[in-house]
Amino acid sequence: MVVNNLPYKEEVLEENENFILVNREFDSHLDSKDLVWHRDKEDREIKVISGVGWYLQIENELPVLFQQNISYKINKEIWHRIINKKSTNLILEIKKHK
């Protein structure tokens, strides 16, 4: 279920003049229509904390299966989305660069 128009729960872990570090959790039962193509206002580094069966798709690229211990970089203003295959909850650590 989406609350406040966001399909995830977020917890701020650290914030300073260079970045904001958050944990973001997506529920495994999330409807795929809630995971829309979007662009962010800042560069981001994403690391999977836990979750199986989720994909990251960047515009004009094939979806890539999220894997633990791999860092994914998304440049600002690049269209992308997350794809849910209804397996487990997904928890990401996201560093939003200022």
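1. Lys9 of the predicted model stands opposite Glu25 in β2. The two strands concerned, β1 (residues 9-15) and β2 (residues 19-26), are paired antiparallel through six bridges, and a hairpin of three residues connects β1 to β2. Strands here are DSSP runs of E with at least two residues, numbered from the N terminus; two of them pair if DSSP finds at least two bridges between them.

2. On conventions, this is a predicted model in which local features need pLDDT of at least 70 and side-chain atom pairs count only at pLDDT 80 or more, whereas totals for chains, interfaces and linings use all residues. Residues are numbered from 1 along each chain as its sequence is written, and side-chain values use heavy atoms, with hydrogens and water left out.

3. Five strands form an open sheet in the order β1-β2-β8-β3-β6, with antiparallel pairing. Because β1 and β6 (71-74) each have a single partner strand, they stand at the edges, and one side of each lacks a neighbour in the sheet. From one strand to the next the twist averages 25 degrees (axes are lines fitted to C-alpha atoms, and angles run from 0 to 180 degrees between N-to-C directions).

4. Ile46 stands opposite Tyr72 in β6.

5. Asp40 lies in the loop between β2 and β3 (44-50). Asp40 is buried, its relative accessible area being 10% (buried means under 20%, with a 1.4 Å probe and protein chains only). Beyond its neighbours within four places in sequence, Asp40 is in contact with Lys76, Glu77 and His80, contact meaning heavy atoms within 4.5 Å.

Technical notes. Helix = DSSP H or I, 4+ residues; strand = E, 2+ residues; numbered from the N terminus. Buried < 20%, exposed > 50% of the residue type's maximum accessible area, 1.4 Å probe, protein only.
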